[in-house]
Amino acid sequence: MTSSPSVQLYTVRDAISADLQGAVARVAEIGFTKVEPYDFVARADELEKAFAASGVTAPSAHAPVIDSTEPERAFAAAAQLGVGTVIDPFIPSDRWQTADDARAIADRVNELQVQAAATGLKFGYHNHQWEFANKVDGRPVYEFFLERLNDDVVLEIDTFWSTVGGMDTPALLRSLGDRVQFLHVKDGRISGDIATALPSSESALEVPEALAAAFKNQTPAGQGDVDVAAVLAAAPHALRVVEFDDYSGNVFDGIAESLAWLAENDK
């Protein structure tokens with residue numbers, strides 16, 4: 001393992017809504033020294049205090065920058081929080097239908113990487129399942145995105161969603177090499193509604209009942225259908241970021257189990 005894992009704070013969003021500082025403190029008590037905040041621009045001051053109080057750092061952070069008219073706000077907030085890489089976590093399936101769709105997104109991402117670099121940051125994109133499940137001429141539409149992407153754009157591969165989307169995720173990671181700087185480590189059932197139900201095209205946070213129920217089938221690392229050990233071995237350099245979209249048990253127990261599994265199995 002390259003370094004101690006991070007955790008996507010969206011995983012504990014309910015606790016954050018109730019008490020942000022307390023939730024971050026609990027994550028730190030479990031043993032995480034790194035976190036990946038989401039939707040951080042409006043609450044950068046509060047997050048800054050919580051991170052300082054708990055002694056955690058945020059190497060990466062999620063924000064909806066691709067569609068933003070003010071990406072510089074996200075980059076400024078990231079700099080305030082000591083974030084090195086800003087990652088856009090979601091462009092909906094209806095905008096990943098054609099090769100031209102993928103190229104248009106890549107062009108925008110390339111522009112944002114140039115803006116980010118001017119402020120000392122990196123910029124990247126995080127996938128769901130449809131970037132791989134949606135095919136153009138028999139190829140995952142994500143391939144057309146990659147072909148258009150500048151080499152300095154960071155990739156964060158959600159290894160659960162790429163697997164749900166039909167990819168051999170270890171092979172994908174080997175092919176991408178050092179372009180992948182972050183891995184979302186997530187496990188669970190990879191067939192059924194999880195593979196076909198889509199979130200709202202407006203927001204990844206608006207989820208239909210079938211998908212919400214499928215999220216509850218996610219498990220700590222090593223307990224589901226994803227070959228997590230093979231995934232990790234294929235990208236030894238990438239920072240591991242534990243995440244659950246949802247969990248049927250106590251989510252703090254879930255992230256603790258994933259952290260313990262990584263300590264034991266990610267050598």
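This is a predicted model: local features need pLDDT of at least 70, side-chain atom pairs count only at pLDDT 80 or more; totals for chains, interfaces and linings use all residues.
The C-alpha trace spans about 50 × 40 × 35 Å along its principal axes. In terms of secondary structure, the chain comprises 13 helices and 12 strands. Its radius of gyration is 17 Å, close to the 18 Å that the globule rule gives for 267 residues, so the chain is as compact as a globular protein of that length. With regard to sequence separation, contacts between residues at least 6 apart were considered, and 79% of these join residues at least 24 apart.

The packing of two helices was then examined. Two packed helices are described by the angle between their axes and the distance between the axes. For helix α2, formed by residues 20–30, and helix α13, formed by residues 251–265, the angle is about 30° and the axes lie 10 Å apart. Because angles under 35 degrees count as roughly parallel, α2 is classed as roughly parallel to α13. The crossing in which α2 passes α13 is right-handed.

On the side of α2, the contact is made by Ala 23, Arg 26, Val 27 and Ile 30. The residues contributed by α13 are Phe 252, Ile 255, Ala 256 and Leu 259. By residue class, the contact of α2 with α13 contains seven nonpolar residues and one charged residue, with no polar residue present. The charged class includes Arg, and Arg 26 of α2 takes part in this contact.

How values were computed
Residues are numbered from 1 along each chain as its sequence is written. Side-chain values use heavy atoms; hydrogens and water are left out. Axes are lines fitted to C-alpha atoms, for helices over the stretch in contact, and angles run from 0 to 180 degrees between N-to-C directions. Helices (H or I, at least four residues) and strands (E, at least two) are DSSP runs, numbered from the N terminus. Angles under 35 degrees count as roughly parallel, over 145 as roughly antiparallel, 65 to 115 as roughly perpendicular and the rest as oblique. A crossing is left-handed if the near helix is turned anticlockwise from the far one by less than a right angle, and right-handed if clockwise. Contact means heavy atoms within 4.5 Å. The radius of gyration is taken over C-alpha atoms; the globule rule is 2.2 Å times the number of residues to the power 0.38.
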